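Please walk through this structure with me, one site at a time. Keep the model open beside the text.

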Amino acid sequence: MKIAYLDLFCGLSGDITLGALVDAGLPLTELKRGLSKLPLKGWSISSRRVMKGAISATKVDVTIAGKKQDSVSHAPHHHDHDHGHGHDHRHGHTTLKEILALIKRSGLPSAVKGTASDCFLRLGEVEGKVHGIPTMKVRFHEVGAVDSIVDIAGSCLGFHLLGIEAVYCSKVPVAHGVIHTQHGPLPNPGPAALGLLKGFPLVAADIPREILTPTGAAILATHVREPGRFPEMTLEAIGWGAGG
């Protein structure tokens, strides 16, 4: 059985996940081909090598209408997701119901449709609880953005294309401080990210900035069945993913 182990030494986000998958051997051409089956227009995806401290890692970028989305992390408030930008790339897909319909009518493999939908459902449920809104009526200001859909669908597709049958992860580092968003200051981790971590072993990280985004938390909640356990494995590939 092929497994993936996510070492969360500095948190997780959508672009970090995509970068790690590509760095571990997922061909970017295959990722592009698969994501082209989403009923979305006006976006492109690329990868580049970057240095994070002393480590050479892969950074995956989603570009929309000529503007690169660098996944600068800001916690969600009124569904603000990973990006702190004020740009509206929703293309009409503003509610959870609309996003799920978009995924359903895509040409993605059925297994990928299932996991991507699960990610968004988990995000919708936790956002709904935070803001007192019925799950299916939750409106995503940035999670509904094209780049965020690509992040989530791309991560789910990446695991599928690599033949990953089970995902494990380390304990989840919890940073501290305040996250400054368009909608005001929020505790770090943000309420949505934290709400997705029930059942996950947490460990304190002396880092005064956001390191776990709602998308990263949703990916963990959807894919990881035994969090905090290092499984027996024969090491086949290593991937370093970079975030914004």
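Which residues does N188 touch, leaving aside those up to four places away in sequence? The model is a predicted one, and in it N188 touches A175, H176, G177, V178, I179, I207, P208, R209 and E210.

Look at where N188 sits. Its place is the loop between β8 (184-187) and α6 (191-195). The relative accessibility of N188 is 10%, and buried means under 20%, so N188 counts as buried. Two of its contacts can be followed further. A polar atom of the N188 side chain lies 2.8 Å from the backbone oxygen of H176. P208 is 20 residues away from N188 along the chain, and the C-alpha atoms of the two are separated by 8.2 Å.

Now turn to the aromatic rings. The count of aromatic pairs comes to two. Start with Y5 and F230. Their ring centres are 4.6 Å apart. Their planes stand at 65 degrees, and over 60 counts as edge-to-face, so that is the class of this pair. Y5 belongs to strand β1, while F230 belongs to the segment after β10 (224-227). The pair therefore ties together parts that are 225 residues apart in sequence. Y5 is partly exposed, at 26% relative accessibility. F230 is exposed, at 55%.

The other pair is F9 with W240. Here the ring centres lie 6.1 Å apart and the planes meet at 75 degrees, so this pair is edge-to-face too. F9 is in the loop between β1 and α1, and W240 is in the segment after β10. Parts 231 residues apart in sequence are therefore tied together by this pair. F9 has a relative accessible area of 54%, which makes it exposed. W240, with 36%, is partly exposed.

Two or more lining residues come from each of β1 (3-6), α1 (14-23), β3 (55-64) and β7 (178-181). α1 gives the largest share, five residues. By type, the lining divides into 28 nonpolar, twelve polar and seven charged residues.

Go back to the model with these sites in mind.

Conventions:
Residues are numbered from 1 along each chain as its sequence is written. This is a predicted model: local features need pLDDT of at least 70, side-chain atom pairs count only at pLDDT 80 or more; totals for chains, interfaces and linings use all residues. Side-chain values use heavy atoms; hydrogens and water are left out. Helices (H or I, at least four residues) and strands (E, at least two) are DSSP runs, numbered from the N terminus. Ala, Val, Leu, Ile, Met, Phe, Trp, Tyr, Cys and Pro count as nonpolar, Asp, Glu, Lys and Arg as charged, and the others, Gly among them, as polar. Rings of Phe, Tyr and Trp (its six-membered ring) pair if their centres lie within 6.5 Å; planes under 30 degrees apart count as stacked, over 60 as edge-to-face and the rest as tilted. Buried means under 20% relative accessible area, exposed over 50%, partly exposed in between (1.4 Å probe, protein chains only). Contact means heavy atoms within 4.5 Å. A polar contact is a pair of N or O atoms within 3.5 Å; within protein, one must be able to donate a hydrogen and the other to accept it, and residues adjacent in sequence count only if both atoms are side-chain atoms.
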